[in-house]
Amino acid sequence: MEYIAGTAGALLLLAVLSSILRTLVVPRGLYSTLVFRLWWLLRGLLRLTTPRGDYEAIDRAQTWLAPLMLIGMLASWLIGALLGFGLLLFALSSLTWTTAFREAGSSLFTLGFASGARWKLSVLDFFAAATGPVLIALQIAYLPTLYAAYNRREVEVTLLQARAGEPSWGPEILARQWLVDTETALPELYRAWERLASDMGESHSTYPVLLTFRSPRPYRSWLVGLVAVMDAAALQLALDPKTAPPEARLVLRAGFSALRDIARVVRAPFEEDPSPSAPIRLTYAEFDAAVAMLDSTGFCAERTPEEAWPHFRGWRVNYEAVAYELCRRCDAVPSLWTGPRDFPTTPIPPRRPVDRRPNDPPEGV
């Protein structure tokens with residue numbers, strides 16, 4: 001029994017240490033079983049609190065996912081360390097189960113009320129006493145890194161709202177620029193989101209818990225915003241290749257590279273090098289309707305929808321499947337052209353403000 005307890009305790013401590021290093025210390029996107037098991041469990045439990053199942057209720061519930069994940073990770077590591085040290089203390093002494101775990105807890109949380117004078121157990125007590133504060137300190141240091149990345153992300157998502165509406169949609173970005181004659185600002189938008197996509201690819205793959213952090217407003221989403229910017233760039237390149245800025249190509253490359261980096265960490269399948277002629281889930285009818293909407297705003301296309309469709313499909317095939325999967329797992333706002341969700345919903349179009357001018361007559365006149 002002592003041999004089994006000692007082996008189990010040592011393996012459990014190694015597993016806890018590995019999880020801490022993979023999640024908090026190693027600067028690389030490594031898969032953490034604890035993080036994704038907690039994500040799956042807590043996401044499912046929060047869904048149970050939304051019997052209506054509509055998006056607004058789910059968004060309110062899933063707002064609590066990120067803080068619960070952080071608390072759950074800390075609690076899991078502390079409980080795992082407590083069990084590991086308790087099993088080792090039991091295996092290396094004549095202590096009872098109750099006394100062994102009592103001494104492990106006393107040392108782990110540096111209370112010191114249950115330590116003994118046995119030297120071989122004192123070594124374990126010292127290790128346990130160091131583990132508790134170091135683990136809590138690492139978690140505290142982890143929070144500023146998360147919230148710094150979150151703030152960088154949400155600043156750009158908020159700025160996008162005026163250009164893309166809520167929720168964001170790629171054709172709406174182009175439509176609004178041509179409606180107010182600000183199409184020359186598109187290269188700057190693409191440059192900003194190229195940098196943001198690279199930032200998110202690094203931060204969200206290194207710290208996957210950031211995927212559970214939702215935007216402050218229910219109809220905003222970093223993921224939907226990135227897909228919208230990429231769709232806008234792909235549309236512009238497909239419809240108007242001669243005047244489309246080179247930044248459109250760059251943001252597309254940065255965008256699907258970031259999505260693939262995140263997909264590798266969450267183990268979402270995708271094709272590394274899809275054929276440009278491969279089918280996509282977005283239909284030609286949806287594409288044609290979006291082009292017709294753009295025409296009504298003054299967008300002048302060099303190509304007809306039939307000519308532009310193969311080019312647009314060739315761009316979108318690089319990111320559509322992985323974007324749909326991540327939107328589904330993150331319960332992102334069901335915007336147009338972002339795929340299905342795990343809850344019954346219909347795509348939500350962006351809300352465009354009414355165009356009012358100083359010489360318009362008052363309402364009701």
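Student: Which residues does Gln62 contact, leaving aside its neighbours within four places in sequence?

Tutor: In this predicted model, Gln62 is in contact with Arg43, Leu46, Arg47, Thr212, Arg214 and Asp331, once its neighbours within four places in sequence are left aside. Gln62 itself is found in helix H3, which covers residues 55-62.

Student: Is Gln62 buried or exposed?

Tutor: Buried means under 20% relative accessible area, and Gln62 counts as buried because its relative accessibility is 2%.

Student: How do the axes of helix H7 and helix H8 cross, and which residues meet there?

Tutor: The axes of H7 (residues 170-179) and H8 (residues 186-206) come within 11 Å and cross at roughly 145 degrees. From H7, Ile173, Leu174, Gln177 and Trp178 meet Leu186, Leu189 and Tyr190 of H8. By class, this contact of H7 with H8 has six nonpolar residues, one polar residue and no charged residues.

Student: What area is buried between domain 1 and domain 2?

Tutor: The size of an interface is often given as the accessible area lost when the parts come together. Here domain 1 (1-113 + 123-139) and domain 2 (149-330) bury about 1600 Å² between them, with carbon and sulfur atoms giving 63% of that area.

Student: Where does UniProt place the feature "transmembrane region"?

Tutor: The unreviewed UniProt entry places it at residues 67-92 and 126-150. In the model, residues 67-92 are 96% helix and 0% strand, with end C-alpha atoms 38 Å apart, whereas residues 126-150 are 100% helix and 0% strand, with end C-alpha atoms 37 Å apart.

Terms used
Residues are numbered from 1 along each chain as its sequence is written. This is a predicted model: local features need pLDDT of at least 70, side-chain atom pairs count only at pLDDT 80 or more; totals for chains, interfaces and linings use all residues. Side-chain values use heavy atoms; hydrogens and water are left out. UniProt positions are given in the numbering used here, feature names are shortened, and annotations may be inferred rather than shown by experiment. Helices (H or I, at least four residues) and strands (E, at least two) are DSSP runs, numbered from the N terminus. Buried means under 20% relative accessible area, exposed over 50%, partly exposed in between (1.4 Å probe, protein chains only). Contact means heavy atoms within 4.5 Å. Axes are lines fitted to C-alpha atoms, for helices over the stretch in contact, and angles run from 0 to 180 degrees between N-to-C directions. Ala, Val, Leu, Ile, Met, Phe, Trp, Tyr, Cys and Pro count as nonpolar, Asp, Glu, Lys and Arg as charged, and the others, Gly among them, as polar. Domain bounds come from an automatic or database domain assignment. Buried area is the accessible area (1.4 Å probe) that two parts lose on being put together, summed over both.
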